[in-house]
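Subject: Structure handover

Hello,

Here is the structure I promised to pass on. Please open it first, then read my notes below.

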Amino acid sequence: MKLKSTTWKGRNRTRLFELRDAALSLGFRHPTIADIGAGGITFFLSGLHPEGPKEEMVRSQKVQRFLIRFADDIIRKFGLYGSLTVHEIREIKEALACLSPSEIVVVDKDPRLLRAIRDVGITQRLRLDICVSRLPEPKDIVICYNVIQVTEDPNRALENLLDSVADGGLLSLETNGSSIEVSDRRYKRLRPCLYRKIS
Ligand SMILES: C[S@@+](CC[C@H](N)C(=O)[O-])C[C@H]1O[C@@H](n2cnc3c(N)ncnc32)[C@H](O)[C@@H]1O
């Protein structure tokens with residue numbers, strides 16, 4: 001099975017800062033956190049990929065990004081990626097350190113991604129397909145960037161995701177311009193990609 005995950009350093013920086021600021025102003029302390037679908041990039045290509053959110057990249061960086069992703073895709077197709085670099089977990093830990101999280105769970109359906117984050121000092125790793133089930137225990141903060149729209153059943157995945165957030169908790173959701181909408185009445189939209197579960 002081809003490894004499907006495309007990510008790079010700083011891709012979701014804006015979302016993470018937005019989440020951190022909201023969590024701080026709402027008084028979150030020692031939250032439980034889950035990151036669903038952290039993604040990875042071939043280790044030796046990682047340093048060549050431009051950093052930061054896509055919309056902040058200048059033209060030359062966009063071309064560079066296209067070329068690196070093209071190379072990464074071919075390498076993955078032939079299973080030659082060797083080791084993967086997972087930036088998202090480290091970035092979450094850094095951005096949300098001020099909340100003193102009590103737990104961070106990394107969730108992915110692909111065991112290769114979970115194996116790649118073994119050394120990052122994470123509390124837990126959980127293999128789970130978000131199209132099939134929700135998290136066994138709801139978390140105070142759930143982060144899900146660029147996953148739902150690439151799953152086999154986005155509607156089911158969204159339903160399970162919404163059921164994975166604790167009451168009063170925050171959901172930071174990025175769907176990369178897809179038409180996926182959170183219309184669940186239990187949720188209040190705080191920012192374009194940030195929701196609070198109100199009951
Ligand atoms: C496109 S990458 C996104 C990576 C990163 N979050 C980002 O924004 O760049 C999708 C990630 O979600 C995982 N994934 C895809 N479908 C999934 C599912 N149904 N359940 C859980 N994880 C899934 C993939 O293995 C991969 O790690």
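Start with Leu161. Leu161 touches Ile36, Ile130, Val142, Cys144 and Ile148, leaving aside residues up to four places away in sequence. Contact here means C-beta atoms, placed from the backbone, within 7 Å.

Two notes on the source. This is a predicted model: local features need pLDDT of at least 70, side-chain atom pairs count only at pLDDT 80 or more, and totals for chains, interfaces and linings use all residues. Residues are numbered from 1 along each chain as its sequence is written.

Now the core. The largest nonpolar core has 40 residues, and Ile36, Val142, Cys144 and Leu161 have the most contacts inside it. Such a core joins buried Ala, Val, Leu, Ile, Met, Phe, Trp, Tyr and Cys residues through C-beta atoms within 7 Å. Buried means 20 or more other C-beta atoms within 10 Å of the residue's own, again placed from the backbone. Elements giving two or more residues to this core include α1, β1 (32-36) and α6 (154-162). The largest share, five residues, comes from β6.

Next, the sheet. Seven strands form an open, mixed sheet in the order β5-β4-β1-β6-β7-β9-β8. Helices (H or I, at least four residues) and strands (E, at least two) are DSSP runs, numbered from the N terminus. Strands pair if DSSP finds at least two bridges between them. β5 (124-127) and β8 (187-191) are at the edges with a single partner strand each, so one side of each lacks a neighbour in the sheet. β7 (165-174) and β9 (194-197) pair antiparallel over three bridges. There, Leu171 stands opposite Tyr195 in β9.

Best wishes

Technical notes
A residue is buried if 20 or more other C-beta atoms lie within 10 Å of its own, exposed if 12 or fewer, and partly exposed in between; C-beta atoms are placed from the backbone. Two residues are in contact if their C-beta atoms, placed from the backbone, lie within 7 Å.
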